[in-house]
Amino acid sequence: MSASKLNLLSFTGKMKILHMTWLAFFISFAVWFNHAPLMLVIAEQLKLSQPEVKTVLILNVALTIPARIVIGILVDKFGPKRTYSTLLAVGSLPCFMFAAADSFQQLALARFLLGFVGAGFVIGIRMVGEWFPARQLGIAEGIYGGWGNFGSAAAAIALPSLALLFGGDNGWRYAIACTGVVALLYSGIYFFSVSDTPKGSTYFKPKRAGAMEVTSIWDLFFYILMTVPLYGALTLLTWKLSPAGMKLLSDPAAIGTYVAIWVLFFYNVYKIVHINEAHLTQPIEDIHKYKFKQVAILDLAYLVTFGSELAVVSMLPMFFYETFHDSQGITMVQAGLLASGFAFMNLVARPGGGWISDKFGRKRSLTIFIAGLAAGYFALSQIDSEWPVLLAAAVTMLCSFFVQAGEGAVFAMVPLIKRRMTGQIAGMVGAYGNVGGVIFLTVLSFVSPAAFFVTIACTALVAGVAVQFIEEPEGHMAEVMEDGSVAMIELS
């Protein structure tokens, strides 16, 4: 069966798994971004300052950085079914906390905890990778990621109207609480509707949990180096919340947080070395080797694709409102609808990016998408109050196409690196997306939206150069069965 012949109307076998899993991701994303289209109302009712609003936006993506690493380890160990169901159920709790909050501090804490829900993406990457062959993997992962990502657009479209339907000062609270109820209910539905692998297939697990296995001493050092930005982003966030920034944390609390972050970093380094030292002292057969640079380059590509989407989806409703409210009279609801165009493209762009990668080559496709992304953000930097609103929306959607097609191209490659570590690899790549979100939102807190868009475009050019050093997956990858025999998994 070719990649173009997936029967999207089927609800049996692997297609049932795909539909159930993208819907789980859709719900987790709607919960994760249920605040964005209502932020103006929330800020007005709770009398939040502009810096406080921006702090809430940053906190929303903060915890997802370590969460995606942790969830990647858990999904490889316990399987996608149990991990996704648990995440949805537990993630509903801070959603209810946010709906009930009546101060900035309560909002901030709930939003910080809700960052864990964003780690759900990693789980589905492993699930879809188990059920689909390599020749269909790009489009299948693209459908999963793209249709799931549409949850943020659905939230932007539906929640302002739902809040108005409930009416009154608490309308926004009921609208946000509804997304938590849906997540809680679907956690049970998902658990009883899916299985981790097709019948008769082996679910390969890492030999040891806690860190990725690498296959050369140089890759060990490279792996440690690539963990530094993850902790650097958390340090940046802490600084932003310290007395030097938002004053949300006291000096002692900020210092304690800095110490905790870097103690955790050194513990992570210890785990990386401990897990790899034994097998690196022994010769490793070529068929079991993989190059960590593949992971590192995909980290950078996802930093600029999904990282920019995280940041832009968070700020775009307010950007359109502030740009066009006085000159063209658009309302908050209209600004939310305009902004939803960015995430709306997920429906076609991310699956399209995966399909193009399957058909025309993953490296070439990713290069083109990142170049288009850079051009798109340069165009967005030129938008001002004199632009026709429809033209601004069209440019936004065109830029969004390249952003999300690039995301599809990244995750068309992730499951083809090392099957038993797909969750951990997806976790690290996904965490870099959140690093990008934190970096870009921090930049936004210091500069104008135009300079923010230019910053993303320049970062994309750097990532585009790095992509030229990636190697196209081909041939087979080897995994060891429970009985010691070697299974060869096709990569093309």
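The model is predicted, so local features need pLDDT of at least 70 and side-chain atom pairs count only at pLDDT 80 or more, while totals for chains, interfaces and linings use all residues. Residues are numbered from 1 along each chain as its sequence is written, and side-chain values use heavy atoms, with hydrogens and water left out.

H18 runs over residues 449-467, and its 19 residues reach 27 Å from the first C-alpha to the last, close to the 27 Å expected at 1.5 Å a residue, the expected span being 1.5 Å times one less than the number of residues. Its buried residues include Phe-452, Phe-453, Ile-456 and Ala-460.

## The nonpolar core

The largest nonpolar core has 156 residues, and those with the most contacts inside it are Ile-42, Phe-292, Phe-320 and Tyr-377; such a core is a set of buried Ala, Val, Leu, Ile, Met, Phe, Trp, Tyr and Cys residues joined through side-chain atoms within 4.5 Å. Helix H12 (residues 292-328) gives the most to this core, with 20 residues. Not counting residues up to four places away in sequence, Phe-320 touches several residues, among them Ile-330, Leu-338, Ala-339 and Thr-396.

## A buried threonine

Thr-179, which is found in helix H9 (residues 171-191), counts as buried because its relative accessible area is 11%. Apart from its neighbours within four places in sequence, Thr-179 is in contact with Val-31, Asn-34, Cys-95 and Leu-159.

## The largest cavity

The largest cavity is lined by 13 residues, of which Ser-152, Ala-156, Val-313, Ala-339 and Ser-340 lie nearest its centre; on a 1 Å grid over the protein atoms alone, a cavity is a set of points where a 1.4 Å probe fits but cannot get out, and lining residues have an atom within 4 Å of a point. Helix H8 (134-166), H12 and helix H13 (332-344) are the elements that give two or more residues to this lining, and H13 gives the most, with 4 residues.

Note on methods
Buried means under 20% relative accessible area, exposed over 50%, partly exposed in between (1.4 Å probe, protein chains only). Contact means heavy atoms within 4.5 Å. On a 1 Å grid over the protein atoms alone, a cavity is a set of points where a 1.4 Å probe fits but cannot get out, and a pocket is an open set with protein on both sides within 12 Å along at least five of seven lines; lining residues have an atom within 4 Å of a point.
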